[in-house]
Amino acid sequence: MITTYLFYFLSFLTIMFALMVVFSKSPVHSVLYLVMAFFTIAGHYVLLNAQFLAAVHVIVYAGAIMVLFLFVIMLLNLNKETEPHKSPWLKFSAVIAAGLLLVVLVGSLKGATNIMAANNFDANIGLIENLGKTLFQDFLLPFEISSILLLAAMVGAVLLGKKSIK
Amino acid sequence: MALQTYIIYKLILVLVVFAFTMLIAMYSTYAERKVAGFLQDRLGPNRAGWFGILQPVADAVKLFMKEETIPSVSNKALFIIGPALSLLTACMTGVVIPWGTTITLFGENFPLQIADVNIGILYLFGVVSIGVYGIMIGGWASNNKYSLLGAVRASSQMISYEVAMGLSIIALIMTTGTLSVGQIAAQQHGWHWNVLVQPLGCLIFIICAFAETNRAPFDLPECEQELVGGYHTEYSSMKMGFYLFAEYINMFISATVISTFYFGGYNMPFIGRFVHDPNLLTLCGVVFLFAKIFFGIFFFMWVRWTLPRFRYDQLMNLGWKALIPLSILNIVLTGAWMMRHEIMAYLNF
């Protein structure tokens with residue numbers, strides 16, 4: 001019972017913080033609200049008994065990626081005064097695109113009450129031992145390929161960061 | 001155990017851990033000046049109370065009574081959140097530390113650990129990684145270029161050393177086979193201290209702990225000569241006290257984590273031969289853990305008053321070009337050692 005209340009509370013917070021990200025004027029505030037949204041999403045993972053995912057979510061997103069975002073925004077010193085003025089046509093087209101996305105989402109989720117889980121749901125799958133076994137036995141190839149993707153991204157970043165390419 | 005007893009016992013444990021954290025951080029400020037005095041051949045504080053023992057109280061009163069200024073152009077809410085966040089994240093880490101084994105009272109077992117979550121190490125790591133926000137928010141909200149530079153220095157230093165720290169922990173997880181801090185401490189019974197299994201990992205972890213707590217020789221964020229005062233230039237009164245206090249709490253927690261991960265935690269070899277009562281044994285364990293922690297804190301101070309500060313490029317070179325490759329090498333060596341029988345069989349030895 002208490003998990004249901006927690007779910008609604010966390011969902012409310014998540015949506016509120018997500019809206020604050022969009023509506024707050026200052027970019028630094030947007031980033032901080034996004035960090036809060038990530039924390040509430042980590043709370044959802046804990047409710048789903050996936051503590052490992054929750055911890056990694058906090059470490060990677062809140063602890064590393066958003067810090068770099070904050071870094072760049074603080075150093076660029078983006079303020080309300082320096083925000084470039086956008087043309088009304090751009091705003092108009094953005095509203096239409098977002099509205100179309102909403103229509104697609106509503107359409108796809110209309111029949112969501114009838115969806116059943118294909119496999120039997122194991123409540124302990126999110127625990128770290130089970131996660132590791134699944135990842136390194138059933139999904140070894142995708143896991144390794146994604147690590148190669150990350151390596152390629154790292155090499156690319158180092159190459160771009162070099163001052164002169166000989 | 002009944003639910004009410006459980007809740008009351010956990011609350012008491014949380015309060016005790018919090019009070020001890022505060023007390024130790026408070027007297028670390030006193031110890032720091034005494035150690036500095038000793039290493040520099042002077043007396044240190046000796047006016048307030050017996051041997052200056054009331055000096056931290058006097059400091060606290062001074063900080064609380066001081067006039068508080070908030071720069072008019074700064075972002076007020078964030079300016080206040082910054083130091084609060086710093087202190088909050090510093091206090092949050094004590095939750096997963098096993099302070100001892102189990103005390104048995106009235107037929108009930110009371111483990112001396114607030115929460116033995118099975119991802120304890122990741123919890124610690126997550127709290128450390130969000131500790132950057134306190135400094136960054138405070139430095140930015142001050143609306144001062146020196147503060148911002150100090151904050152950027154602090155956070156880039158912490159992010160850089162988090163990588164090496166995480167990699168050195170991975171090797172530890174490989175040998176212990178668990179992410180629970182309680183189990184790691186329990187495994188080091190007798191002489192099975194992790195420092196003997198992971199000497200290189202331990203060294204890397206200690207260096208990274210110095211950098212994460214912004215202590216000398218990595219105290220670039222508060223480099224007076226270059227940055228006026230670092231990220232807390234604009235802070236006064238107890239808000240500044242919060243930042244300084246958070247540093248001492250972080251030092252205490254780092255010493256605790258180092259003792260628990262690598263130096264046996266509450267375990268002490270041979271104590272089982274002399275003490276047989278389980279409760280007394282637990283209390284001995286707590287005393288041993290705190291003895292290790294106090295030596296760790298002394299070590300932090302010893303290094304601070306012995307080594308000069310790094311230059312910024314030296315700091316980054318050490319982090320990215322020395323510690324990270326070394327910790328990756330450590331992982332590879334650990335993995336090879338753990339798989340040695342399979343490798344030997346494969347090579348037909």
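The contact between the two chains takes 17 residues from chain B and 17 residues from chain A, two residues being in contact if their C-beta atoms, placed from the backbone, lie within 7 Å. The model is predicted: local features need pLDDT of at least 70, side-chain atom pairs count only at pLDDT 80 or more, and totals for chains, interfaces and linings use all residues. Residues are numbered from 1 along each chain as its sequence is written, while chains are lettered from A and ligands numbered from 1 in the order in which they are written.

On the side of chain B that touches chain A, the elements giving two or more residues are α4 (120-130), α5 (132-141) and α6 (145-176) of chain B; helices are DSSP runs (H or I, at least four residues), numbered from the N terminus. The largest share, six residues, comes from α4(B). By class, this side of chain B has 13 nonpolar, four polar and no charged residues (Ala, Val, Leu, Ile, Met, Phe, Trp, Tyr, Cys and Pro count as nonpolar, Asp, Glu, Lys and Arg as charged, and the others, Gly among them, as polar).

Within chain B, the axes of α4(B) and α6(B) come within 12 Å and cross at roughly 175°; axes are lines fitted to C-alpha atoms, for helices over the stretch in contact, and angles run from 0 to 180 degrees between N-to-C directions. The two helices, α4(B) and α6(B), are therefore roughly antiparallel to each other (angles over 145 degrees). Their contact is made by I121(B), F125(B), V128(B) and S129(B) of α4(B) with E162(B), G166(B), I169(B) and I173(B) of α6(B). These residues divide into five nonpolar, two polar and one charged.

Definitions and conventions. Angles under 35 degrees count as roughly parallel, over 145 as roughly antiparallel, 65 to 115 as roughly perpendicular and the rest as oblique.
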